[in-house]
Amino acid sequence: MSEHRHGRLHHLRPHSHGAADKVDSALEGSAEGMRALWISLAGLGATTLVQAVVFAFSGSVALLGDALHNAADALTAVPLAIAFVLGRRPPTRRYTYGYGRAEDLAGVVIVLAVAASSVAAGYAAVHRLAHPQPVENLWAVALAGLAGFLGNELVARYRVRVGRRIGSAALVADGLHARTDGFASLAVLLGAGGLALGLPWADPVVGLLITLAILAVLWQTAREVGRRLMDAVDPALVDRAEEALRGTRGVLGVGSVRLRWIGHRLRAECDVIVDPLSTIVQAHRVAVDAEHSLLHALPRLSGALVHPDPRPGPGEDHHAVLAEHH
């Protein structure tokens, strides 16, 4: 029906109420994400450098594992930065939704980086158990572990806060990864304490514990990224969208509501029921008002396809011609 087509056109026009809304929030979010990446890269890079130097003259395999993990976490800023830059590009005839999903691909790279760091740390710990070596300068090892904890925790809080604000699952996952790195760094203190007490196996055992911590992060990160790749959204967002649609004047009912993340922006496809006696202009107005309601209810929504269906009468199916195709 023609009014259905009209209801699908409003996602092309930007939503704005005044001068304060003229800044494209998607670009603003990408810029904020880039800033978070570079700041955290500098912080973790400095932490990793300190730990690498201490490992060079101490020989602590636990500290090596922690440094490898921190290095992997710092380097994940690179694919995320590329994703944020790509996400700023406008849609094309090939990529009609734009390049926002590059963030999800960056999330896959992060998962692979975490997996690689777990393999390296685990190998180093097992090798040290099989071939014990003395660890020197325990006080420096302990200080390096403490530095690793503080650096990771500061970076984690910053990444998670910014990631949730701009809706970037990859950045949130990266922040959670950094947080667990911080607790792994504290384990280095335990290893140093065990060595001070004359327990030579303490350092490699702590290295294995750090490997297990990395694997826990790997599972959590892979689950978060996997859900995003499968277009999962928080059910509360769907509830909020349905509530906004029902509260729109002219909407007699709500059909299916589909939401998906494209990078750190949401897209929506919704069916609403309207008066069958509505003119094309009236159905068009209801669709516009429905999308307007959604834009207010879902702050990270970039646009919606609103499909107005006339309320069917008894035994009437306005989509019967499509039944055999489904």
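In the predicted model, Gly253 has Ile273 of strand β2 as its bridge partner. Strand β2 covers residues 265-274, and eight bridges join this strand to β1, the two running antiparallel; strands count as paired if DSSP finds at least two bridges between them. Together with β3, they form an open sheet of three strands in the order β1-β2-β3, with mixed pairing. At the edges lie β1 (253-262) and β3 (301-310), each pairing on one side only. On average, neighbouring strands of the sheet are turned by 15 degrees against each other, direction ignored. Strands here are DSSP runs of E with at least two residues, and helices are runs of H or I with at least four, numbered from the N terminus.

Turning to the helices, the axes of α5 (residues 102-130) and α8 (residues 202-229) come within 8 Å and cross at roughly 165 degrees (axes are lines fitted to C-alpha atoms over the stretch in contact, with angles from 0 to 180 degrees between N-to-C directions). The two helices are therefore roughly antiparallel to each other, a term for angles over 145 degrees.

Helix α10 (residues 280-297) has 18 residues and reaches 26 Å from its first C-alpha to its last, close to the 26 Å expected at 1.5 Å a residue, where the expected span is 1.5 Å times one less than the number of residues. Its buried residues (under 20% relative accessible area, 1.4 Å probe, protein chains only) include Ala283, Val286, Ala287 and Glu291.

Residues are numbered from 1 along each chain as its sequence is written. Local features need pLDDT of at least 70, side-chain atom pairs count only at pLDDT 80 or more, totals for chains, interfaces and linings use all residues, and side-chain values use heavy atoms, with hydrogens and water left out.

Notes. Buried < 20%, exposed > 50% of the residue type's maximum accessible area, 1.4 Å probe, protein only. Parallel < 35°, antiparallel > 145°, perpendicular 65-115°, else oblique.
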